[in-house]
Amino acid sequence: MINGKIVYKILGSLLFIEAALLLICLGMSFYYNEDDIIAFLISAITTTLFGFVFKHKGYGADNAMGRRDAYLVVTLSWVIFSLFGTLPFLISGYITNFTDAYFETMSGFTTTGATILDNVEVLPHGLLFWRSLTQWIGGLGIVFFTIALLPSLVGGSVRVFAAEATGPIKSKLHPRLSTSAKWIWTIYLVLTIACIGTYFLFGMGWFDSLNYAMTTTATGGFSTHNTSTEFFRSPALEYANTLFCFLSGVNFTLLYAAVVKFRPGSLFKNAEFRFYLMLVLGFTAFIMIELITRRGYDIEHAFRCGIFQVVSFITTTGLFNDDAGQWPHVTWVVLALCMFFGACSGSTSGGLKCIRGVMLVKIIKNEFRRILHPNAVLPLKIDGVNIEQSKRVTLLAFLAVYLILCLICSFTMIAFGIDNTNAITITLSALGNVGPTLGIEIGPTMSWSMLPDFAKWMCSLLMLVGRLEIFSVLVIFTPEFWNKN
């Protein structure tokens, strides 16, 4: 049975937190004295009132949370956060269509970064800040943020963490999950502050520095300018952006060990990090050669554009410093692979995750050995730890469902008239929480506004499914989930 009271109690608490975030944006609106003040005020009041309604319905709930409750809470948290997150856009009138507003907000919280706004520069500062803040909060997870901030609000937090965390192997820094959450959020905060300072040092204004830093460390990609980082025409900023995106794609537990515990060597001993680094360097070298030989770029420009776009796509950030839609089509295949793999588990990036890539490589190697030695016992070890058989089966199931979703959604979009390249890369982009797409109708520098409403709702669902690692959402749609036994 689903424990409805605990679900309502947690959702109510989360709405209070969202109301507080809206009030922060209200402060930004007051500072610039623009026309979104009333929108944020009404949004915050409405969200608070519904928070009280949910808390009232959850009155008297204990903190006992079952596995089903955890999966339901996590999925509903993201859906409801996105629902109330549409209010500032709709009330202010800058987005008039509910479908567009929900798409934009879900894209923000899931750090996808796809947008339906053709001209973001017309938005007031409060709304621009709200877009960036949704990505920053969603980077490590809405419920995970709550566990770090107010652990008493989330009962059964270990189960909730398992439902929201990314990657097949969940690691903690401390026996108490709330302490681990605080350390990880501290690393995240320090990385964001360092990014703000670096951007400001290299010529951005304080508002742009704040917004770009939040979306960089969240690997989200929302920007305050239509031309993204290309607007600043600064190679130094582009290199800084590449560095911080790359670091944000590393497992935050590993970053903690490397920085706080002064063990930088642990990075290069980690199999997932080495795989991640290998993909970035290999893909960058390939694109660099293509741009030099077929587009006439000089070496530095080719390297800068290549590594920026590879890191942006593989960390699923989605910022751009060049129009990859004008590059040789073979580079699109490389960027699509970046979309598919993503960066490391336990980071803010989306995609399949490099740890699963490492596991797949080892499984394939073991199968070749098994052909030659049918009776051999072949363990699957990563960094000296044996991966149990159940996790291997889960990996193959995850990969199968991932590919099936890509196939079904791509086919559906093609059937409704979207061109093949766009249909496939839109699906990969939404499911991998990447943001940009590749194609002619909707290129990597364009908004997704021309998509029909059904496609926007499909993409919104794909963003949620991709962010919560597929099974956490899809299990809710199985009959067994709702059975009493």
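R304 forms a salt bridge with E238, and their closest N and O atoms lie 2.7 Å apart. The model is a predicted one. This pair links distant parts of the chain, with R304 in helix α15 (residues 299–314) and E238 in helix α11 (residues 235–248), 66 residues apart. A search of the whole structure finds eight salt bridges.

**The R304 and E238 pair**

- R304 has a relative accessible area of 11%, so this residue is buried.
- E238 also counts as buried, because its relative accessibility is 5%, where the cut-off for buried is under 20%.

**The E469 and R356 pair**

- E469 forms a salt bridge with R356, with 2.9 Å between the closest N and O atoms.
- Distant parts of the chain are linked here too: E469 sits in the loop between α20 (453–467) and α21 (471–474), while R356 belongs to helix α17 (residues 354–372), 113 residues apart.
- Both E469 and R356 are buried.

**The E290 and R294 pair**

- E290 forms a salt bridge with R294, the closest N and O atoms being 3.0 Å apart.
- Both residues lie in helix α14 (residues 271–295), where E290 and R294 are four residues apart, about one turn of the helix.
- E290 is buried, with a relative accessible area of 13%.

**Packing of α16 and α19**

- Two packed helices are described by the angle between their axes and the distance between the axes.
- Helix α16 (residues 329–341) packs with helix α19 (residues 420–431) at an angle of about 30 degrees, and their axes are 9 Å apart.
- The angle makes α16 roughly parallel to α19, because angles under 35 degrees count as roughly parallel.
- α16 and α19 cross in a left-handed sense.
- On the α16 side, the contact is made by W332, A336, M339 and F340; on the α19 side, by T421, T425, L428 and S429.
- Sorted by class, the contact of α16 with α19 has five nonpolar residues, three polar residues and no charged residues.

Conventions
Residues numbered from 1 in each chain as written. Predicted model: local features only at pLDDT ≥ 70, side-chain atom pairs only at ≥ 80, totals over all residues. Heavy atoms only, no water. Axes fitted to C-alpha atoms, helices over the stretch in contact; angles between N-to-C directions. Helix = DSSP H or I, 4+ residues; strand = E, 2+ residues; numbered from the N terminus. Parallel < 35°, antiparallel > 145°, perpendicular 65-115°, else oblique. Left-handed = near helix turned anticlockwise from the far one by under 90°. Contact = heavy atoms within 4.5 Å. Nonpolar A, V, L, I, M, F, W, Y, C, P; charged D, E, K, R; others polar. Salt bridge = Lys/Arg side-chain N within 4 Å of Asp/Glu carboxyl O. Buried < 20%, exposed > 50% of the residue type's maximum accessible area, 1.4 Å probe, protein only.
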